[in-house]
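Hi,

Here is the structure for your files. My notes follow below it.

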Amino acid sequence: MSDQHAIHAALAGDQAAWDALVSRFSGPLWSAVRAYDLSAADAADAVQGTWLRLVENLHTIRDPDRIGSWLFTTAKREASHLSRRNRGERLIADLADAEHDPSGPALGGHVHPDPAVAVLTADEGRRLWRAVEEMHEPCRSLFRLMATAPDAGVHQLAGRLGMPSGSYGPTRGRCLNRLRTMLTAQEATP
């Protein structure tokens, strides 16, 4: 089955065509994401995300004979995104671990180039999330969702929050203004 035929059949709902695409491209996709030194779970997420992007964009594929290149590029983007996200998570996790790890670097503890910066960054993060927790809905849920799905689109975020897409931007702006006001008031209070 050619790629073009498989895509047209998959668009028509032919499960065998989907199975053929998955069978043909899963190996190369796994190879592509493993190059990013992801955990097994994150590699699986990257591959699954690639297939999800195909489902979302299948009707827009202009050159079905280049579906392999499209999938490969998408898999690399998914893996790169997860890799960047994980580096950020590790930094935050390392800060938390350092607070509880008295062993220091000689015994496997974590090293931070400037401990003062690490302490200030962790303190700012705690202060920010305390302020978010004090906010009313939908702001609290909006900020949580923005933090957990930073690359999600407006339509996805609005849908998860149960609001029309056109309301998301103004709601986000009001919530950011409230948070800014709260943080400024906290700074002004000794």
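**Disulfide and helix packing**

Cys139 has 2% relative accessibility, so Cys139 counts as buried (under 20% relative accessible area; exposed is over 50%, partly exposed in between; 1.4 Å probe, protein chains only). Cys175 is buried too, at a relative accessible area of 1%.

Please note that this is a predicted model: local features need pLDDT of at least 70, side-chain atom pairs count only at pLDDT 80 or more, and totals for chains, interfaces and linings use all residues. Residues are numbered from 1 along each chain as its sequence is written, and side-chain values use heavy atoms, with hydrogens and water left out.

Cys139 and Cys175 form a disulfide, with sulfur atoms 2.1 Å apart (the cut-off is a pair of cysteine sulfur atoms within 2.5 Å). The count by this rule is 1 disulfide. The S-S torsion of Cys139 and Cys175 is about -80 degrees, so the disulfide is left-handed. Cys139 sits in helix 6 (residues 139-148) and Cys175 in helix 8 (residues 165-188), so the pair ties together parts 36 residues apart in sequence. Helices are DSSP runs of H or I, at least four residues, numbered from the N terminus.

Now the packing. Helix 2 (residues 15-34) and helix 3 (residues 40-57) pack at about 135 degrees, axes 10 Å apart. Axes are lines fitted to C-alpha atoms over the stretch in contact, and angles run from 0 to 180 degrees between N-to-C directions.

Regards

Conventions. Helices (H or I, at least four residues) and strands (E, at least two) are DSSP runs, numbered from the N terminus.
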